[in-house]
Amino acid sequence: MTDELSLRPVCDDDLPHFFAHEQDPEAAWMAAFGPADPTDRAAFDAHWARIRADPTVVNRTVVVDGAVVGHVAAFPVGEHTEVSYWIDPRRWGRGHATAALTALLRELPHRPVRARAAKDNRASLAVLRKCGFVIVGEDSGFAAGRGVEVEEWLLELPAVPADQGGH
């Protein structure tokens, strides 16, 4: 269960934590669509500089009991908003991803919101479903984190919950 979890804007001091989280081979495999070389600090820094400078991207640091445990983000993909998250693998299984995504979704005024998960990433699919996302399709794409084409679920948090007349 999640203890004192909060979100705050990303600051420079968070980046070494995020970089360290990406070094875990299991986490990189599960995320699939991460960097081709998670050890490339220059590419990591360039990526974060670009997304932090983009006013259309909402990035939040996930803090639990004062410790940086990951990040969540919302960003435009075409006409839609998509979300993603990365939690320190040493903190998996404690509800942090679900709590962080729930908190981020409270910040996002517009629905629907979309997400993607590699089909074999059952944990991420469970997080998204707990937050109200439903599978709306399938896709595949080259996953640099695995070096192969990966099948993925397309999910959506509907504008109106399905049990209240939504789609």
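Mentor: Let's start with the space itself: the largest pocket holds about 1400 Å³. A pocket here is an open set of points on a 1 Å grid over the protein atoms alone, where a 1.4 Å probe fits and protein lies on both sides within 12 Å along at least five of seven lines. Its volume is the space filled by probe spheres set on the points, with points joined across faces, edges and corners. Before we go on, keep in mind that this is a predicted model, where local features need pLDDT of at least 70 and side-chain atom pairs count only at pLDDT 80 or more, while totals for chains, interfaces and linings use all residues. Residues are numbered from 1 along each chain as its sequence is written, and side-chain values use heavy atoms, with hydrogens and water left out.

So who lines the pocket? There are 48 lining residues, and A31, H71, S84, Y85 and W86 lie nearest the centre; to count as lining, a residue needs an atom within 4 Å of a point. The elements giving two or more residues to that lining are α1 (15-22), α2 (25-31), α3 (41-53), β3 (67-77), β4 (80-87), α4 (96-107), β5 (113-118) and α5 (122-130). Those labels come from DSSP runs numbered from the N terminus: helices are H or I with at least four residues, strands are E with at least two. Sorted by class, the lining has 26 nonpolar, eleven polar and eleven charged residues. Nonpolar covers Ala, Val, Leu, Ile, Met, Phe, Trp, Tyr, Cys and Pro, charged covers Asp, Glu, Lys and Arg, and the others, Gly among them, are polar.

Now zoom in on H21, which sits in helix α1. H21 has a relative accessible area of 4%, so it is buried; buried means under 20%, exposed over 50% and partly exposed in between, using a 1.4 Å probe and protein chains only. Setting aside neighbours within four places in sequence, H21 is in contact (heavy atoms within 4.5 Å) with A27, V68, V69, G70, W86, D88 and P89.

The R90 side chain makes a polar contact with the side chain of D88 at 2.7 Å. That term means a pair of N or O atoms within 3.5 Å; within protein, one must be able to donate a hydrogen and the other to accept it, and residues adjacent in sequence count only if both atoms are side-chain atoms. R90 counts as exposed because its relative accessibility is 66%. A27 turns up again here: its C-alpha atom and that of R90 are separated by 9.8 Å, though the two residues are 63 apart along the chain.

One more stop, around β5. P112 lies in the loop between α4 and β5, and a cis peptide bond joins R111 and P112, with omega about 5°. P112 is touched by E156, a residue of strand β7 (residues 148-157). The side chain of E156 also makes a polar contact with the side chain of R114 (3.0 Å).

Stepping back, the protein chain has five helices and seven strands, and buried residues make up 39% of its 167 residues.
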